[in-house]
Amino acid sequence: MSDGWEAALLTWQEHRDRGFREGRGPVKGEALTDFTGLRFYPPDPAWHFAADVAQLGDFPPEIALDTLDGGTKWFGAFGRVTVTLPGEATPRTLTLYTPLGEEQPAVAFVPFRDATSGPETYGGGRYLDVPLEYSAGQVTARLDFNRAYFPACAFADGYSCPRPPQEHVFPIPVRVGERLAK
């Protein structure tokens with residue numbers, strides 16, 4: 001993996017942290033005065049994948065995901081990717097979720113939980129935004145778990161955050177991306 005990848009990742013982390021510190025995240029009011037910043041695991045290029053997307057039809061089927069506050073949010077199930085995560089011997093298939101009504105989205109969404117959820121990371125799971133690239137009828141997903149982040153509901157009440165589906169619960173630790181303060 002190139003130094004450019006790591007530099008871009010560190011810039012993304014700095015921008016995310018700065019946005020929170022400047023009140024452009026879910027931390028507001030008095031909570032912002034106590035906010036000490038976001039924490040991240042060290043970058044690891046083993047958690048960065050490019051994978052072909054198996055699309056689920058011309059128009060993504062609508063899928064309901066339960067939310068952490070007991071509600072439901074609807075997404076399009078755009079497609080699936082199969083990757084072998086570090087620490088796992090067999091490939092795992094992940095569903096890529098997109099906003100409803102988008103036939104050619106630029107970014108998909110992958111909510112997940114892993115063995116760090118609770119003791120090292122937010123217990124409700126983490127989210128991953130996945131850029132999608134289109135070329136000659138093929139779609140490629142760029143999954144970089146180093147960019148895994150906490151949902152807004154990890155920081156404040158009043159948000160309705162999708163719960164990762166069971167197939168996105170990993171028995172292994174994903175020690176990259178956002179983490180709890182030490």
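A salt bridge is a side-chain nitrogen of Lys or Arg within 4 Å of a carboxyl oxygen of Asp or Glu. Side chains of opposite charge can pair when their charged atoms come close. In this structure, R126 and D114 meet through their side chains in such a salt bridge, at 3.1 Å from N to O. R126 lies in strand β8 and D114 in the loop between β7 and β8, so the pair ties together parts that are 12 residues apart in sequence. Strands here are DSSP runs of E with at least two residues, helices are runs of H or I with at least four, and both are numbered from the N terminus.

The model is a predicted one, in which local features need pLDDT of at least 70 and side-chain atom pairs count only at pLDDT 80 or more, whereas totals for chains, interfaces and linings use all residues. Residues are numbered from 1 along each chain as its sequence is written, and side-chain values use heavy atoms, with hydrogens and water left out.

A residue is called buried under 20% relative accessible area, exposed over 50%, and partly exposed in between (1.4 Å probe, protein chains only). R126, at 0% relative accessibility, counts as buried, and D114 is buried at 6%.

The next element to consider is helix α1. This helix comprises the 19 residues 3-21, and at 1.5 Å a residue it should span 27 Å, which agrees with the 27 Å between its end C-alpha atoms. The expected span is 1.5 Å times one less than the number of residues. The buried residues of α1 are W5, L9, Q13, R16, D17, G19 and F20. Seen down the helix axis, they fall within an arc of 160°, so they line one face of α1; the arc is that of the directions from the axis to the C-beta atoms. These buried residues pack against α2 (30-34), β1 (39-40), β2 (48-52), β9 (138-144) and β10 (178-179). After α1 comes G23, whose phi is positive, near 80°.

Because E178 lies in strand β10 and R16 in helix α1, the pair ties together parts that are 162 residues apart in sequence. E178 is buried, with a relative accessible area of 1%, and R16 is buried at 17%. Another salt bridge joins R21 and D17 at 2.7 Å, N to O. Both residues lie in α1, four residues apart, about one turn of the helix. R21 is partly exposed, with a relative accessible area of 45%, whereas D17 is buried at 15%.

The interior also contains nonpolar cores, each a set of buried Ala, Val, Leu, Ile, Met, Phe, Trp, Tyr and Cys residues joined through side-chain atoms within 4.5 Å. The largest core has 25 residues, of which L96, V130, L132, L143 and F145 touch the most other members. β2, β5, β6 (92-98), β7 (107-112), β8 (126-135) and β9 each supply at least two residues of this core. Apart from it lies another core of 10 residues, among them L65, F75, Y97 and Y149.

L65 stands opposite K73 in β5. Strand β4 (residues 62-66) and strand β5 (residues 72-83) pair in the antiparallel sense over five bridges; pairing requires that DSSP find at least two bridges between the strands. Their hairpin has five residues between the strands, and G70 takes a positive phi near 90°.

How values were computed:
Contact = heavy atoms within 4.5 Å.
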